[in-house]
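Reader: I am new to this structure. Please take one part of it and show me closely how it is built.

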Amino acid sequence: MGQTIRFGVSLDSDLLEKFDALCEERCYQTRSEAIRDLIRNALVQKEWEDLNRAKEMVGTLTLVYDHHQSDLAQKMTEIQHSSLDVIVVSLHVHLDHHNCMEVLVLRGPGQELKATAERLIATKGVKHGKLTLSTTGHDLP
């Protein structure tokens, strides 16, 4: 962990008021904590911009689908079995009589994570899919 440096930021009063409201809404104890999180989020986003890097990345994929859709479960299982190298774990939740949610934790090269997510999301019968990108944290202070 590096040395803590204090610096000043100039903001329009209306923008600062909105930022303070956001800090309160998200339960930040100080503006500094909120600013650190904003910076880290920007750095994680930058890390994901270059998916061709060999660097290990992580993310979660959430899928909602109708399990009565013909052959959907089999197709999703086949895709997941072909991606065992990036799927760490999966969680299956029965939402109601027709709908299920599956959450996959992914880890590996960014391009592989994205490709796996796209294949699953595009599978006929998937109602909604979202890949949430994160970081292993190795490069974040």
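**A pocket and the sheet beyond**

Author: By class, 13 residues in the lining of the largest pocket are nonpolar, four are polar and four are charged. (Ala, Val, Leu, Ile, Met, Phe, Trp, Tyr, Cys and Pro count as nonpolar; Asp, Glu, Lys and Arg as charged; the others, Gly among them, as polar.) The model is predicted: local features need pLDDT of at least 70 and side-chain atom pairs 80 or more, while totals for chains, interfaces and linings use all residues. Numbering starts from 1 along each chain as its sequence is written, and side-chain values use heavy atoms, without hydrogens or water.

The largest pocket has a volume of about 790 Å³. (A pocket is an open set of points on a 1 Å grid over the protein atoms alone, where a 1.4 Å probe fits, with protein on both sides within 12 Å along at least five of seven lines; lining residues have an atom within 4 Å of a point. The volume is the space filled by probe spheres set on the points.) In total, 21 residues line the largest pocket. Nearest its centre lie Ile 5, Phe 7, Ser 32, Ile 35 and Arg 36. Two helices, H1 (13–25) and H2 (31–49), each give the lining at least two residues. H2 supplies the largest share, with eight residues. (Helices, H or I with at least four residues, and strands, E with at least two, are DSSP runs numbered from the N terminus.)

Now turn to the sheet. Its four strands lie in the order S2-S3-S1-S4. The sheet is open, and the pairing is antiparallel. (Strands pair if DSSP finds at least two bridges between them.) The edges are S2 (87–94) and S4 (126–134), and each pairs on one side only. On average, neighbouring strands are turned by 15° against each other, direction ignored. (Axes are lines fitted to C-alpha atoms, for helices over the stretch in contact; angles run from 0 to 180 degrees between N-to-C directions.)

Take the pairs in turn. S1 (residues 56–66) and S3 (residues 99–109) run antiparallel and share eleven bridges. Here Thr 62 faces Val 103 of S3. Leu 63 stands opposite Glu 102 in S3. In S4, Leu 63 has Gly 129 as its bridge partner. Eight bridges join S1 to S4, again antiparallel. S2 and S3 are antiparallel too, with seven bridges. A hairpin of four residues leads from S2 to S3. His 94 stands opposite Cys 100 in S3.

Helix H3 (residues 72–81) packs on the sheet. H3 touches S1, S2, S3 and S4, and its direction makes about 170° with that of S1. (Contact means heavy atoms within 4.5 Å.) Gln 80 is part of H3. Gln 80 counts as buried because its relative accessibility is 11%. (Buried means under 20% relative accessible area, exposed over 50%, partly exposed in between, with a 1.4 Å probe and protein chains only.) Beyond residues up to four places away in sequence, Gln 80 touches Ile 87, Ser 90, Glu 102, Leu 104 and Leu 120. Glu 102 is also the residue opposite Leu 63.

One more helix remains to visit. Arg 119 sits in H4 (residues 110–121). At 41% relative accessibility, Arg 119 is partly exposed. Setting aside neighbours within four places in sequence, Arg 119 contacts Ile 79, Ser 82 and Ser 83. Arg 119 and Met 76 are 43 residues apart in sequence. In space, their C-alpha atoms are 8.9 Å apart.
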